Amino acid sequence: MPKKTAKRPSLFKSFKQSVFNKLLKNKHLKNSITLEHRTIYVLPSSLGWYFVIVAILNFVMGINYQNNLILIMSYLMFVVMIIAVLMGYSNAKGLTVKFKDAFNSYAPQKPSIVFELQSPTVTQSINLTYQGSEQTHKYTDEVDNKPQILTLCLPYSSRGKYTVQRIKIASNYPFGLITVWSYIQLQTGVFVYL
């Protein structure tokens, strides 16, 4: 009978995780988080990076061929990118995500966790993603000042106790060019019974 060995995490993955934890400095270890200046991260999405590269190429081509129309086009592309960053940040600012409850399950059903989302202004295009070994996500179009309940299913279906991993709160509003995100790290676990 062949001997089973445990699968070890790769060196890069463990290094990435340790650097990530040091950068976050446990400021997301809460059961409730309100997105504000200290907890919001903004970077171009993959589409946004392509957009920036095309804007740079337009700028280089405009300078090389001394064509003012191409230069204006590249400036306008940079302006659109700056507007997207400002709109995306203001869209997510003020969103409150509260952990409400965790539901255990019996195999093969999957456990779930429940969140309450609320925002003083309308927040659009919010996606909650579970960051475990397998990812699951839940999407909502709009969050306003009325509390909205969102249930996120976890990817566990075999018997055992599981610690809830980091959950990413993200939005690609307004044009899909940028990603605005934050994290919530719950101090809870779920059980899957047999």
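This is a predicted model: local features need pLDDT of at least 70, side-chain atom pairs count only at pLDDT 80 or more; totals for chains, interfaces and linings use all residues.
Residues are numbered from 1 along each chain as its sequence is written, and side-chain values use heavy atoms, with hydrogens and water left out. Local features need pLDDT of at least 70 and side-chain atom pairs pLDDT 80 or more, while totals for chains, interfaces and linings use all residues.

Turning to the open spaces, the largest pocket has a volume of about 610 Å³. On a 1 Å grid over the protein atoms alone, a pocket is an open set of points with protein on both sides within 12 Å along at least five of seven lines, and lining residues have an atom within 4 Å of a point. Of its 16 lining residues, K13, Q17, Q131, G132 and R166 are the closest to the centre. Helix α1 (residues 11–24; helices are DSSP runs of H or I, at least four residues) gives the largest share of this lining, 5 residues.

The structure also holds 1 cavity of 30 Å³ or more, a cavity being a set of points where a 1.4 Å probe fits but cannot get out. About 40 Å³ of space lies inside the largest cavity, and its lining includes L35, I40 and W181. Strands β10 (167–171) and β11 (178–184) each supply at least two residues of that lining.

Notes: Grid points are joined across faces, edges and corners, and a volume is the space filled by probe spheres set on the points.
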